Amino acid sequence: MKYVMLIGCVLSGLASHAQTVANVDVSLTMPSVALVDILPSSSNSVTLQMTAPTEAGNTIGTGTSNNANWLIFTSAVTNGASRSIKGDVIGTLPAGIRLRLDISAYVGTGLGFTGGNSYVTANKYLGNTPVSFIDNIKGAYTGITYGSSGFQLTYSLEIQTYANIRSGTSNVTVRYTMVDN
């Protein structure tokens with residue numbers, strides 16, 4: 001009988017120290033974010049120049065390319081959504097000439113782009129109609145360090161139709177836009 005009495009006292013002592021619970025409602029908000037920028041080596045200006053041949057009968061050279069700019073971005077999308085980055089030209093390219101854009105693979109310590117979620121498409125020719133070159137972007141950021149964060153952009157010229165080319169100088173603007181899919 002002594003054992004029953006001792007157990008009853010211990011159980012009644014535990015019951016008098018019962019825990020209570022308090023709740024706090026927390027509201028979380030994550031804004032939609034779509035930011036894209038260009039990191040230039042010194043300025044956002046890119047100069048591409050065709051080269052004249054030194055011998056009659058030789059082709060006009062397409063000159064050197066320019067890879068001094070890096071594209072960076074930050075993105076946060078709604079559930080189930082994704083984004084793309086598109087490029088287009090504002091202005092008129094010289095007749096017979098194409099502006100080629102090559103995009104490097106991602107480099108950097110940002111998060112969200114790697115792991116097979118987003119992808120870079122092959123080289124693109126930029127014109128007045130926007131073309132997509134980075135697709136399936138969800139939550140991601142590239143980092144902001146020139147030369148080691150983001151996507152290196154390489155611009156070059158190609159002759160599309162020799163019969164249409166003319167001498168002269170043209171200025172155009174390349175526009176980059178992050179769009180919802």
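# Touring the fold, question by question

Visitor: How far does the backbone oxygen of valine 89 lie from a polar atom of the side chain of asparagine 128?

Guide: This is a predicted model, in which local features need pLDDT of at least 70 and side-chain atom pairs count only at pLDDT 80 or more, while totals for chains, interfaces and linings use all residues. Residues are numbered from 1 along each chain as its sequence is written, and side-chain values use heavy atoms, with hydrogens and water left out. A polar contact is a pair of N or O atoms within 3.5 Å; within protein, one must be able to donate a hydrogen and the other to accept it, and residues adjacent in sequence count only if both atoms are side-chain atoms. For valine 89 and asparagine 128 the value is 2.9 Å.

Visitor: Which other backbone oxygen does the side chain of asparagine 128 reach at 2.9 Å?

Guide: Beyond four places in sequence, asparagine 128 is in contact (heavy atoms within 4.5 Å) with Asp88, Val89 and Gly91. The oxygen reached at 2.9 Å belongs to glycine 91.

Visitor: Is asparagine 128 buried or exposed?

Guide: Asparagine 128 is found in the loop between strand S6 (124–126) and S7; strands (E, at least two residues) and helices (H or I, at least four) are DSSP runs numbered from the N terminus. Buried means under 20% relative accessible area, exposed over 50%, and partly exposed in between, with a 1.4 Å probe and protein chains only. Asparagine 128 has 54% relative accessibility, so it counts as exposed.

Visitor: And asparagine 66: which backbone nitrogen does its side chain reach?

Guide: Asparagine 66 is found in strand S2 and is buried, with a relative accessible area of 16%. Setting aside residues up to four places away, asparagine 66 touches Val46, Thr47, Leu48, Leu153, Thr154 and Tyr155. At 3.0 Å, its side chain reaches the backbone nitrogen of alanine 68.

Visitor: Which strand joins S2 over eight bridges?

Guide: Two strands pair if DSSP finds at least two bridges between them. S2 pairs antiparallel with S9 over four bridges, where asparagine 69 stands opposite leucine 153, and two bridges join S2 to strand S8 (residues 140–141). Leucine 39 has tryptophan 70 of S2 as its bridge partner. The antiparallel pairing over eight bridges is with strand S1 (residues 33–40).

Visitor: How many of the 11 residues of S2 are buried?

Guide: S2 is largely enclosed by the rest of the structure. The reason is a simple count of its buried residues: eight.

Visitor: Which are the edge strands of the open sheet?

Guide: The sheet has four strands in the order S5-S7-S3-S10, paired antiparallel. Tyrosine 119 stands opposite aspartate 135 in S7. Each edge strand pairs on one side only, and these are strand S5 (119–120) and S10.

Visitor: At what angle do the ring planes of tyrosine 106 and phenylalanine 151 lie?

Guide: Rings of Phe, Tyr and Trp (its six-membered ring) pair if their centres lie within 6.5 Å; planes under 30 degrees apart count as stacked, over 60 as edge-to-face and the rest as tilted. The whole structure holds four such aromatic pairs. In this one the centres are 5.5 Å apart and the pair is tilted, because the planes lie at 55°.

Visitor: How many residues apart in sequence are the parts that this pair ties together?

Guide: Tyrosine 106 and phenylalanine 151 are both buried. Tyrosine 106 lies in the loop between S4 and S5 and phenylalanine 151 in strand S9, so the residue separation of the parts they tie together is 45.

Visitor: Which kind of pair do phenylalanine 133 and tyrosine 176 form?

Guide: Both residues are buried. Phenylalanine 133 lies in strand S7 and tyrosine 176 in strand S10, so they tie together parts that are 43 residues apart in sequence. With 5.8 Å centre to centre and 80° between the planes, the pair is edge-to-face.
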